[in-house]
Amino acid sequence: MLLRLPDVLTTDEVRDCWAMLETAGWVDGRVTAGDQAGKVKDNLQIPEDSPVSRALGEIILRALARSPAFSSAVLPLRVLPPMFNRYDPQMTYGYHVDNSIRSIPGTGGMRMRADVSTTIFLSDPADYDGGELVIDDTYGTHSVKLPAGHAVVYPSSSLHQVQPVTRGSRWASFLFTQSMVRDDGLRAMLYDLDVAIIALRQELGDQHRSVLALVNHYHNLLRRWAEL
């Protein structure tokens, strides 16, 4: 499931992120890539353990925590601290797949499964050319380039790339989540059911028997499929 989430960050939060990003020290993005991905990766990143990265990560995590759509679509169990990348002219990231297992910083070696990838755009599309996030899935190829503060979530198992930037600079945050439900198809069904329940609650009220039956069905499916 690929889902676009509008206005995850407020205008003020985007501005705050930019103020910190402009003072950050950037390094070669290949430091976080595997052997195969490193051969097609050409971008810059902020070191994961830098104070700027941690402060920015708190802004991103607070924003995601207040997003009902993110919670419903991703069903997060563990979230890797957000990271930040930058693509200047001619920089790109060729087709690759995200690593399936990630180490969680500061946990002494604890690892998590990467089920869902999230990109939060921090640059306005008018400020750069190229830089589209291109995602291949079972339904075809999707090109994503969103306004600053908007996000896209998609399965970490998807083959994807970032097209070369030809003008300006593309800045973004990206992160990986282990979901309570590892199977993307099951997560998609739960998300669609949750969206339908929300619409029916607004139309029929919380105590309508059909609403209560669907809520019961949703939680029983989640109880059956969740891994904690």
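Q: Before we start, what is a salt bridge here?
A: A salt bridge is a side-chain nitrogen of Lys or Arg within 4 Å of a carboxyl oxygen of Asp or Glu. Keep in mind that this is a predicted model.

Q: How many salt bridges does the structure hold?
A: There are nine salt bridges. One of them pairs D206 with R201. Their closest N and O atoms are 2.7 Å apart, so the pair meets the 4 Å cut-off.

Q: Is D206 buried, exposed or partly exposed?
A: D206 is partly exposed, at a relative accessible area of 39%. R201 is partly exposed too, with a relative accessible area of 39%.

Q: And which residue does D115 bridge to?
A: D115 bridges to R113, with an N to O distance of 2.7 Å. Both D115 and R113 are buried.

Q: What about D88, which partner does it have?
A: The D88 side chain meets that of R86, 3.0 Å from N to O. D88 has a relative accessible area of 17%. Buried means under 20%, so D88 counts as buried.

Q: Switching to voids. How many cavities of 30 Å³ or more turn up?
A: Two, from a search of the whole structure. The largest cavity has a volume of about 290 Å³.

Q: Which residues are closest to the centre of the largest cavity?
A: Y93, H96, D98, F174 and F176. They belong to a lining of 27 residues.

Q: Where does that lining come from?
A: Strand 6 (83-87), strand 7 (92-96), strand 10 (116-121), strand 15 and strand 17 (170-179) each give at least two residues. Strand 17 has the largest share, with five residues.

Q: What is the class make-up of the largest cavity's lining?
A: It has 11 nonpolar, 12 polar and four charged residues.

Q: Now the second largest cavity. What lines it?
A: M1, A73, V74, V116, V153, Y154, P155, D184 and R187 line it. Strand 14 (151-155), helix 4 (68-74) and helix 5 (184-204) each supply at least two residues. Strand 14 gives the most, three residues.

Q: How does that lining divide by class?
A: Seven are nonpolar, none is polar and two are charged.

Q: OK, open sites. What is the volume of the largest pocket?
A: About 260 Å³ of space lies in the largest pocket. Its lining is M1, L2, D136, D137, T138, Y139, H142, P155, S157, S158, D184 and A188. Strand 12 (133-137) and helix 5 are the elements that give two or more of those residues.

Q: And by class?
A: The largest pocket is lined by five nonpolar, four polar and three charged residues.

Q: What is the volume of the second largest pocket?
A: About 200 Å³. Helix 3 (residues 51-65) gives the most to its lining, with five residues. The lining includes E48, D49, R54 and E58, along with P81, P82 and P105.

Q: Backbone next. What is phi at D7?
A: D7 has a positive phi of about 55 degrees, although it is not a glycine. D7 sits in the loop between strand 1 (3-5) and helix 1 (11-21). Its relative accessible area is 57%, and over 50% means exposed.

Q: What about L75's phi?
A: L75 also has a positive phi, near 50 degrees, and is not a glycine. It lies in the loop between helix 4 and strand 5 (76-79).

Q: Is L75 buried or exposed?
A: L75 is buried, at 5% relative accessibility.

Q: Where is N43?
A: N43 is in the loop between strand 3 (41-42) and strand 4 (44-45). N43 is buried, at 2% relative accessibility. Its C-alpha is 5.2 Å from that of G29, 14 residues apart in sequence.

Q: Last one, the surface. Which residues make the nonpolar patch of about 250 Å²?
A: Y95, V97 and L159 make it. L159 is in strand 15 (residues 159-162).

Definitions and conventions
Residues numbered from 1 in each chain as written. Predicted model: local features only at pLDDT ≥ 70, side-chain atom pairs only at ≥ 80, totals over all residues. Heavy atoms only, no water. Patch = residues over 30% accessible without salt bridge, like charges linked within 9 Å, V, L, I, M, F, W, Y side chains within 5 Å. Areas by Shrake-Rupley, 256 points an atom, 1.4 Å probe, with all protein chains shown as cover. Helix = DSSP H or I, 4+ residues; strand = E, 2+ residues; numbered from the N terminus. 1 Å grid on protein atoms, 1.4 Å probe; cavity = no way out; pocket = protein on both sides within 12 Å on 5 of 7 lines; lining within 4 Å. Points joined across faces, edges and corners; volume = space filled by probe spheres on them. Nonpolar A, V, L, I, M, F, W, Y, C, P; charged D, E, K, R; others polar. Buried < 20%, exposed > 50% of the residue type's maximum accessible area, 1.4 Å probe, protein only.
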